Amino acid sequence: MKHYEAINHPKHYMGGTPYEHVAVAEAMDWGYAIGSATKYLWRLGRKPGADQLEDLRKAAWWLNHEIERIEREHKEDPQAVMRREKQA
């Protein structure tokens, strides 16, 4: 019987690739919200017992959270977004 690994490098976070989501998110420097959104998309249809629609809703929630954060930041300091983009 195959053992399901839920903690260390579970297959559903490999996204059908040789790369684990956390390594890609860190390499891309996405930050927590974007990393969380992409995590749900990365594992979509792969995590045992997970509802695909729920994962899509979770990804959308995190994307909206980041959009709202950037909009607030832009409202407080209109130049902040441009400065951050220039640093990237």
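This is a predicted model: local features need pLDDT of at least 70, side-chain atom pairs count only at pLDDT 80 or more; totals for chains, interfaces and linings use all residues.
Me: Which residue caps the N-terminal end of helix 3?

Reply: The cap is Asp51, with a side-chain oxygen placed 3.0 Å from the backbone nitrogen of Leu53.

Me: Which residues of helix 3 are buried?

Reply: Buried here means under 20% relative accessible area. In helix 3 the buried residues are Asp55, Ala59, Trp62 and Glu66. Helix 2 is included in what covers them. For the protein chain of 88 residues, 24% count as buried.

Me: How is the packing of two helices described?

Reply: Two packed helices are characterised by the angle between their axes and by the distance separating those axes. Here, helix 1 (residues 21-28) packs with helix 2 (residues 31-42) at an angle of about 145 degrees, and their axes are 10 Å apart. The crossing of helix 1 past helix 2 is right-handed.

Me: Which residues make the contact of helix 1 and helix 2?

Reply: Helix 1 supplies His21, Val24 and Ala25, while helix 2 supplies Gly35, Thr38, Lys39 and Trp42. By class, the residues of this contact are three nonpolar, three polar and one charged.

Me: What secondary structure does the protein chain have?

Reply: The protein chain has four helices and zero strands, in the order α-α-α-α from the N terminus. Of its contacts between residues at least 6 apart in sequence, 37% join residues at least 24 apart.

Methods: Residues are numbered from 1 along each chain as its sequence is written. Side-chain values use heavy atoms; hydrogens and water are left out. Axes are lines fitted to C-alpha atoms, for helices over the stretch in contact, and angles run from 0 to 180 degrees between N-to-C directions. Helices (H or I, at least four residues) and strands (E, at least two) are DSSP runs, numbered from the N terminus. A crossing is left-handed if the near helix is turned anticlockwise from the far one by less than a right angle, and right-handed if clockwise. Contact means heavy atoms within 4.5 Å. Ala, Val, Leu, Ile, Met, Phe, Trp, Tyr, Cys and Pro count as nonpolar, Asp, Glu, Lys and Arg as charged, and the others, Gly among them, as polar. Buried means under 20% relative accessible area, exposed over 50%, partly exposed in between (1.4 Å probe, protein chains only). A polar contact is a pair of N or O atoms within 3.5 Å; within protein, one must be able to donate a hydrogen and the other to accept it, and residues adjacent in sequence count only if both atoms are side-chain atoms.
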